[in-house]
Amino acid sequence: MEGVGITVTEHLLIHQKDSPMATGLFTRMFNELIFSAKIIAREVRKAGLVDILGLTGDINVQGEQVRKLDDYANRILIHRMQKAGVLCAMSSEENADIIPVPYNMPKGNYLLIFDPLDGSSNIDANVSIGTIFSIHKKKDGLEEVSVSDFLRSGTEQVAAGYFIYGSSTMLVYTTGNGVNGFTLDPSVGEFLLSHPDIKIPELGRVYSVNESYTMYWDERTRAAVNYFKSSKNERGKPYTSRYIGSLVADFHRNMLYGGIFMYPADNRDPKKPRGKLRLLCEAAPLSFVAEQAGGAATDGEKRILDIEPQSLHERVPLFIGSKRDVEKATAIMQGAE
Ligand code: AHG
Ligand code: MN
Ligand code: MN
């Protein structure tokens, strides 16, 4: 029927055959995740009108000030996903420890890792922010869940993606068979397929990095960033700089237009020698999406998805986006260019 798009659930069912992930349990989990995002989107949309902006006064495990919308999004996701009956535990960027599903609630063998609200510093300025999620399957029995169940390389993810609360609310995700984008139609309250089979351009024209940290970078990092500032790409086109400061927004733009996002290691904070971004809830899920869309993601040396996490909130330098641009940046970081 013309004009009525395909919902996420229909899309999962249509592709059930080529995605072992699209089982009933997986679909149920996804629907709970989507419902949580719709609630978060509703709060984000009216943030300026109710007392949900500003700081809670708390400091999270990352050592960062918690904003009310961060906290709200975190509580919504934990509350709803605990009841979904499909998870055995969760890990949130905002929580120091893993969040097991209470003993009196139904469990499943999925593990959910999430950044409830990415781009927090932009919340009060009405700039696009997002929610990032990564889904693993617990290998053995459901009884004892521990941190070690979460310390799995990105290649073991069964699904990953993000919601972006921007000019529209979108869901972009992969289950290992390409990347599809869905846009929330508020009039029917459904995410409808709007960007089928997203492919990130192999070569971009955008570089995205916070250049105020130049004085904290090592020589190779400066050389890598300088390449994009002062060279034309392999098609003779100059790069342009874009930096929103919300990883999801910078990443999503590069997914559609092409380009590279870089958050290199810097020596600003001896407690964060590998940079600011988190491996499990930011770099690994977005790297799965990027690779499934034909892009690439490294830590300046090796593939993000091959990194074996050593701790729940491990940080990692991130070079992610158009394949040829990431390869160029990584080669320079390795002194090969
Ligand atoms: P979060 O809001 O989840 O803490 O993430 C913020 C991250 C990411 O969204 C963005 O790319 C980066 O912080 C911006 O950091 P700088 O302000 O240091 O550039
Ligand atoms: Mn984040
Ligand atoms: Mn966050």
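Trainee: Into which domains is the chain divided?
Mentor: Bearing in mind that this is a predicted model, the chain is divided into domain 1, covering 8-195, and domain 2, covering 206-333.

Trainee: And how far apart do the C-alpha centres of the two lie?
Mentor: The C-alpha centres of domain 1 and domain 2 are separated by 23 Å, and the contact involves 48 residues from domain 1 together with 34 residues from domain 2.

Trainee: What area is buried between them?
Mentor: About 2900 Å² is buried between domain 1 and domain 2, with carbon and sulfur atoms giving 63% of that area. On the domain 1 side, Q62, L151 and Y162 supply 20% of what that domain buries against domain 2, which is more than any other three residues.

Trainee: Switching to polar terms, how many salt bridges and polar contacts are there between the domains?
Mentor: The count between domain 1 and domain 2 is 1 salt bridge, while 15 residue pairs are in polar contact, taking pairs with both residues at pLDDT 80 or more.

Trainee: Which strands supply the side of domain 1 that touches domain 2?
Mentor: At least two residues each come from β3 (87-92), β5 (110-118), β6 (129-137), β7 (159-165) and β8 (169-174), and the largest share, 6 residues, comes from β7.

Trainee: One more, then: what do the side chains of E93 and R278 do?
Mentor: Those of E93 and R278 meet in a salt bridge, at 2.9 Å from N to O.

Key
Residues numbered from 1 in each chain as written. Chains lettered and ligands numbered in written order. Predicted model: local features only at pLDDT ≥ 70, side-chain atom pairs only at ≥ 80, totals over all residues. Heavy atoms only, no water. Domains from an automatic or database assignment. Contact = heavy atoms within 4.5 Å. Buried area = accessible area lost by both parts, 1.4 Å probe. Salt bridge = Lys/Arg side-chain N within 4 Å of Asp/Glu carboxyl O. Polar contact = N/O pair within 3.5 Å; in protein donor to acceptor, adjacent residues only side chain to side chain. Helix = DSSP H or I, 4+ residues; strand = E, 2+ residues; numbered from the N terminus.
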